[in-house]
Amino acid sequence: MSESDARAMNLEVSTGACPSHLAPFLRLNDSHPDLYRKLVIDPFVVKYGVYGFFPRAYDLIYLSDKSPNITFSGRTRGRVAILTSRSNNMVIKPLQNSNEAKVATLAGELGVGPKQFDSLQGFLSEEYISGTFITDNHSNSDIRPCIEDIGIKLGAAFGKLHENKICYNDSTVSDPDKRSHLILDQASDIKLIDFGISLSLEEYPNFSLEETFNYVRTMPIYRIFETMNPTQGDIHSFLKSYQGKFKEISPDTIYDRDLQFLTEGLQLMSDILTEADKTAFMQGFHSTYKR
Ligand SMILES: Nc1ncnc2c1ncn2[C@@H]1O[C@H](COP(=O)(O)OP(=O)(O)O)[C@@H](O)[C@H]1O
Ligand SMILES: [Mg+2]
């Protein structure tokens with residue numbers, strides 16, 4: 001979809017001329033008005049919108065006896081659709097960066113992230129990881145007795161990512177809002193979800209401006225710069241000059257960010273974990289984490 005089509009679509013939705021679930025089909029109103037009118041009243045389109053037309057989701061919605069539930073989540077990347085049914089679950093989410101499909105596919109193949117399915121342009125379709133986030137600790141699923149084991153599994157997972165030149169580059173166990181990207185699945189295995197700001201070091205030290213932004217966005221220097229209300233031009237110049245600095249930053253320094261996010265995240269879990277738990281976690285982690 002071109003930028004002007006997207007603008008036209010947003011305008012029609014914001015003025016109420018087009019129901020939001022039909023927004024992606026708006027242009028059909030000009031080219032195939034009969035078809036568009038059918039979509040307006042189609043109960044599946046009303047319930048699932050565009051998600052019913054994704055590979056695999058189509059089968060789940062249109063070809064199964066009982067149609068799945070659909071719920072929505074997502075914050076930074078926009079709307080994340082979660083389809084759950086008795087037979088099959090999946091997640092459809094907008095790409096957060098232009099390299100995400102490649103990185104998420106590799107992470108899925110390594111068993112570190114959700115398996116990736118065929119999708120439509122601009123979106124990931126992936127395995128739904130059923131389980132609990134590490135921050136969702138409660139009395140009937142206490143993580144503390146297996147905290148070292150979780151550390152062991154995360155160490156192996158980061159070892160695989162780094163060996164394959166992926167820096168996860170995001171909070172893993174917990175962010176300051178207690179949101180986690182680490183799910184303990186039903187087989188007591190761990191999975192990391194959301195490779196939206198991960199970095200591929202395949203072309204190191206060459207990074208795109210988008211990757212440079214993903215690297216600097218959480219750094220104090222960028223946070224201070226942001227408080228100065230920079231213009232688009234200022235941001236571009238900032239990123240351009242930082243882009244040239246990567247040759248002075250070793251890959252090890254970049255991968256170290258994942259360990260930094262991890263230790264910061266553990267500190268943010270003091271309501272659940274004792275100091276001894278955190279030590280056990282890190283001992284487990286370092287027993288398998290190899291670079
Ligand atoms: N593969 C997945 N399996 C299970 N839940 C998921 C999956 N992907 C996303 N989610 C859910 O959707 C939320 C948002 O997804 P995420 O990719 O982290 O986007 P954002 O960072 O924008 O919130 C997650 O916190 C999680 O609850
Ligand atoms: Mg996220």
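1. A pocket, as the word is used here, is an open set of grid points with protein on both sides within 12 Å along at least five of seven lines. In this predicted model, the largest pocket is the space taken by ligand 1. Strand 2 (80-84), strand 3 (89-94) and strand 5 (123-127) are the elements that each give two or more residues to the shell around ligand 1.

2. The position of ligand 1 relative to the domains deserves attention. Ligand 1 lies between domain 1 (3-127) and domain 2 (131-205 + 249-288), because both give residues to its shell.

3. The shell around ligand 1 comprises 8 nonpolar, 4 polar and 7 charged residues. Of these 19 residues, T76, R77, K93, E126 and R179 come nearest to the ligand.

4. Polar contacts to ligand 1 involve both backbone and side-chain atoms. A polar backbone atom of T76 is 2.8 Å from an oxygen atom of ligand 1, and a polar backbone atom of R75 is 3.0 Å from an oxygen atom of the ligand. E126 contributes a polar side-chain atom, 2.9 Å from a nitrogen atom of ligand 1. On its own, ligand 1 has 540 Å² of accessible area, of which the protein covers 92%.

5. The peptide bond joining Y204 and P205 is cis, with omega about 5 degrees; P205 belongs to the loop between strand 10 (199-200) and helix 8 (209-216).

6. S188, in the loop between strand 8 (182-185) and strand 9 (190-192), is a non-glycine residue with a positive phi, near 55 degrees. D194, in the loop between strand 9 and strand 10, is likewise not a glycine and has a positive phi, near 75 degrees.

Note on methods:
Residues numbered from 1 in each chain as written. Chains lettered and ligands numbered in written order. Predicted model: local features only at pLDDT ≥ 70, side-chain atom pairs only at ≥ 80, totals over all residues. Heavy atoms only, no water. Near = heavy atom within 4 Å. Polar contact = N/O pair within 3.5 Å; in protein donor to acceptor, adjacent residues only side chain to side chain. Areas by Shrake-Rupley, 256 points an atom, 1.4 Å probe, with all protein chains shown as cover. 1 Å grid on protein atoms, 1.4 Å probe; cavity = no way out; pocket = protein on both sides within 12 Å on 5 of 7 lines; lining within 4 Å. Sits in = over half its atoms within 2 Å of the grid points. Helix = DSSP H or I, 4+ residues; strand = E, 2+ residues; numbered from the N terminus. Nonpolar A, V, L, I, M, F, W, Y, C, P; charged D, E, K, R; others polar. Domains from an automatic or database assignment.
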